[in-house]
Amino acid sequence: MKADTGFQQMFPDNAVSLASRFLTPSLFRRLSKLKTATGFTLDQAIRSGRENPDSDIGIYAGDPESYTLFQDIFDPVIRACHRISGPICHVSELRPLDLDGPDPEGRYILSTRIRIARNLSGYAFTPNLTPGIRQVAEQRIKQAVAALPDPFKGAYHAMGGLSPEEISARASAGTAFLPGDRFQAGAGITRGFPASRGVFASHDKNFVWINEEDQLRIICLEKNGSLSLVFNRLILALELLGRSLSFAWDPCKGYLNACPTNIGTAMRAGVHIRLPGLERQPDRLNELASSHGLQIRGTRGEKTAVSGAVFDISNRFRLGIGETRLIQDLHSGITAIIAAEKQLAVSGPGSPEP
Ligand code: ADP
Ligand code: MG
């Protein structure tokens, strides 16, 4: 497949991404002739995947229309990353939960974080934003968050004009975010950083990141394992924001965002959890996580290392399963992982794998 002239220019031979797997030469030739109304092309969509052969996905959307105009490449990628075999079908169920914390003694879970991604309807996505439109989006979102009632009252911290040192210091305090990685840079998402970026931080540990990978990342955080509390707060934040903002949405694909892994519910719910025993048994930890539909990331986010045995464990799939069910699955997965960690502590570090 990659030997075809033209196609070879698009993906290097060592590319491993889903896009490089599904983009046939004839599909490439056909889709290359198209352009969305905001001027986004297939060449732009796969630029990051081409520059970074180790990309997992290798394709980004530049606007909602990308998902329909380039559907023949996006759909197989979406099916593979959300493990969907039949029709692509968005499910949403935002029902408040009352689950017991999976770590009642607070011995393992350091924090619980749930975020959802959203983009304003009628706008291009971050890989395809002009500086002017990025600024308009920032202003609209800033006004909407400033009008939120309690418990979401807070302050907006603009990042434009800050030095890298100031950004790094504020990121530790939660009032800024770091520039994106090389995958986001290749997609054009980090262009002009940090202009028109910012963080709205409420007094109650809720955040809205503006113009990071998506125009909005709505984040609820607690320094414990109260999954229900964090989820119920997120439901409320979403409902309130939905009164003043409308988001890019499709009946089958759900909420549309820059990366096809982040469509549907666009929710990633996870915990930072310390697992010194299971760190020594990575196969067992991976098996426990994947059998519960969970993924493991490093301590400082996607594609970072694990430090101090602190893992970020969260739902792998975001489309085709409702939000409430995703939280219940996370709860049972984390409960099973904690049980395995406790068992290792009893049997001791030198004991063989069961
Ligand atoms: P996403 O894009 O899904 O929001 P990333 O992997 O890019 O997630 O991480 C974004 C930031 O959120 C990183 O700084 C990461 O350390 C932080 N983070 C992720 N999960 C948690 C958690 N459970 N508690 C505290 N911080 C977290
Ligand atoms: Mg991220």
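Helices (H or I, at least four residues) and strands (E, at least two residues) are DSSP runs, numbered from the N terminus.

Residues are numbered from 1 along each chain as its sequence is written, chains are lettered from A and ligands numbered from 1 in the order in which they are written. This is a predicted model, in which local features need pLDDT of at least 70, side-chain atom pairs count only at pLDDT 80 or more, and totals for chains, interfaces and linings use all residues; side-chain values use heavy atoms, with hydrogens and water left out.

**Figure 1. The residues around ligand 1.** A residue is near a molecule or strand if one of its heavy atoms lies within 4 Å of it. There are 15 residues around ligand 1, and Ser111, Arg115, Arg268, Arg297 and Glu302 come nearest. By class, this shell has two nonpolar, five polar and eight charged residues. Here Ala, Val, Leu, Ile, Met, Phe, Trp, Tyr, Cys and Pro count as nonpolar, Asp, Glu, Lys and Arg as charged, and the others, Gly among them, as polar.

**Figure 2. Polar contacts and cover of ligand 1.** A polar contact is a pair of N or O atoms within 3.5 Å; within protein, one must be able to donate a hydrogen and the other to accept it, and residues adjacent in sequence count only if both atoms are side-chain atoms. A polar backbone atom of Glu302 is 2.7 Å from an oxygen atom of ligand 1, and a polar backbone atom of Thr299 is 3.0 Å from an oxygen atom of the ligand. From Asp312, a polar side-chain atom lies 3.3 Å from a nitrogen atom of ligand 1. Taken alone, ligand 1 exposes 560 Å², and the protein buries 82% of that. These areas come from the Shrake-Rupley method with a 1.4 Å probe; for residues, only the protein chains shown count as cover. Strand 1 (109-118), strand 5 (216-222) and strand 8 (267-274) are the elements that give two or more residues to the shell around ligand 1. Which strand gives the most to this shell? Strand 8 does, with four residues.

Figure 3. Is Arg318 buried or exposed? Arg318 counts as buried because its relative accessibility is 2%, where buried means under 20% relative accessible area, exposed over 50%, and partly exposed in between (1.4 Å probe, protein chains only). The side chain of Arg318 reaches the backbone oxygen of Asn315 at 3.1 Å. Arg268 is 50 residues from Arg318 in sequence, yet the two are 7.3 Å apart in space, C-alpha to C-alpha.

Figure 4. A nonpolar core is a set of buried Ala, Val, Leu, Ile, Met, Phe, Trp, Tyr and Cys residues joined through side-chain atoms within 4.5 Å. In soluble globular proteins, nonpolar side chains tend to be buried together. The largest core here has 50 residues, of which Ile218, Met267, Ile273 and Ile313 touch the most other members. Helix 11 (residues 227-244) supplies the largest share of this core, nine residues.

**Figure 5. Ala266 in its loop.** Ala266 lies in the loop between strand 7 (254-255) and strand 8. With a relative accessible area of 0%, Ala266 is buried. Contact means heavy atoms within 4.5 Å. Leaving aside neighbours within four places in sequence, Ala266 is in contact with Arg115, Ile116, Ala117, Arg118, Asn257 and Arg318. The C-alpha atoms of Ala266 and Tyr255 are separated by 6.5 Å, and the two residues are 11 apart along the chain.

**Figure 6. Backbone exceptions.** Most residues other than glycine have a negative phi, and most peptide bonds are trans. The peptide bond from Asp150 to Pro151 is cis, with omega near 5 degrees, and Pro151 is in the loop between helix 8 (131-146) and strand 2 (154-158). Phe193 and Pro194 are also joined by a cis peptide bond, with omega about 5 degrees. Pro194 is in the loop between helix 10 (182-187) and strand 3 (198-202). Arg83 has a positive phi, near 50 degrees, and is exposed, with a relative accessible area of 60%. Ala309 has a positive phi of about 60 degrees, but Ala309 is buried, with a relative accessible area of 6%.
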